[in-house]
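Student: I would like to learn how to read salt bridges in a protein model, so could you take me through them step by step?

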Amino acid sequence: MKVLGEEEWKTLLGLERASMKYGFADPGMASRLAGIPVERVNFALDRLSRRDLVRARGANFTLTFSAIEALALREYVRRGLISALGAIIAKGKESDVYEAFTEEGGLLAVKFFKIGRTSFRDVARKRSLERSETKGWIARNYEAAKKELSSLRKLEGLTKSVPRAIAHDRSTVLLEELSGVKLVERPELDDPPLILKEIIDCVRVAYTEAGMINADLSEYNILTDGRSVWLIDWPQAVRTTHPNSAALLQRDLHTVLKFFRRVYRVLLEESEVADYVVGRRATLGIRRAGPAS
Ligand SMILES: Nc1ncnc2c1ncn2[C@@H]1O[C@H](COP(=O)(O)OP(=O)(O)OP(=O)(O)O)[C@@H](O)[C@H]1O
Ligand SMILES: [Mg+2]
């Protein structure tokens, strides 16, 4: 980020706006939208493509994920939210998560959405980027980040079992950094039934008070430090009014209950849990049987 000059940033912003507006960006459009002469844009494009921040597709240019992420990080810095990026925390199918630092030395996590990363590469290789495709993949990732922020904001104050969302910019969200490991790693829990109860209570509050279902809940999307849990990964959350809401809620609960039954030997009746989550039951009885596997 430090090596980019003002005209290169402006060119990236011009390309971004052109892509969002027209689905593609040529130097003329970028020049108009960035407010700098086209020969300066061409000069900037040349330097940007050597850093793999833009790629040429015939007469058009497309931004890369790195360019979008640089624009987002620059914005977080401008807003005084972060001052530096740290190590990578996790690399997933649809996102990369990095540690970030605040000016006061606090720790945050930045989630960079990369939906369509593979197919975008394939398309790029074929050199046949359609007009609407750039707009498509940029918009999809911006949308996912925005959705994750809005879902987490709806849960804020209702439960302690989700990360606090601080901000969203472009294809990224800035989150409170959690100190936990994924449940799939089968960590030792102080009190497995209590942890399961905490998870179910979070699902219940999301359902009854925020009108939301995570819809991708599993041992991969729950972090724990052994005493507390956090339900993460909310971009695909659906409203309880969604036509498939019953099936999605059932799948979320089934996945979690199956995992706790198999690994921690905590037994719960699925239908009882479902009734509790949607508010048809006021209490829940949790039993444990035998040593954990
Ligand atoms: N707020 C956070 N604090 C610390 N680590 C986090 C945080 N959010 C996510 N992570 C780490 O990043 C990983 C991926 O996050 P998340 O599940 O939200 O994204 P994803 O797109 O589903 O990634 P994947 O494709 O791997 O499932 C998590 O499993 C976790 O290890
Ligand atoms: Mg995940």
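Tutor: Let us begin with the total: in this predicted model, the count of salt bridges comes to 18. Side chains of opposite charge can pair when their charged atoms come close.

Student: Which side chain meets E16 in a salt bridge?

Tutor: The partner of E16 is R170, with a distance of 2.5 Å from N to O. Because E16 lies in helix α1 (residues 6-22) and R170 in the loop between β6 (165-169) and β7 (172-176), the pair ties together parts that are 154 residues apart in sequence. Both E16 and R170 are buried.

Student: With which residue does E69 form a salt bridge?

Tutor: E69 pairs with K114, and their closest N and O atoms are 2.8 Å apart.

Student: Is K114 buried or exposed?

Tutor: Buried means under 20% relative accessible area, so K114, with 9%, is buried, and E69, at 10%, counts as buried too.

Student: Where do K111 and E148 lie?

Tutor: K111 lies in strand β5 and E148 in helix α6 (residues 131-155), so their pairing ties together parts that are 37 residues apart in sequence. The side chains of K111 and E148 meet in a salt bridge of 2.8 Å, N to O; K111 is buried at 8% relative accessible area, and E148 is buried at 2%.

Methods:
Residues are numbered from 1 along each chain as its sequence is written. Chains are lettered from A and ligands numbered from 1 in the order in which they are written. This is a predicted model: local features need pLDDT of at least 70, side-chain atom pairs count only at pLDDT 80 or more; totals for chains, interfaces and linings use all residues. Side-chain values use heavy atoms; hydrogens and water are left out. A salt bridge is a side-chain nitrogen of Lys or Arg within 4 Å of a carboxyl oxygen of Asp or Glu. Helices (H or I, at least four residues) and strands (E, at least two) are DSSP runs, numbered from the N terminus. Buried means under 20% relative accessible area, exposed over 50%, partly exposed in between (1.4 Å probe, protein chains only).
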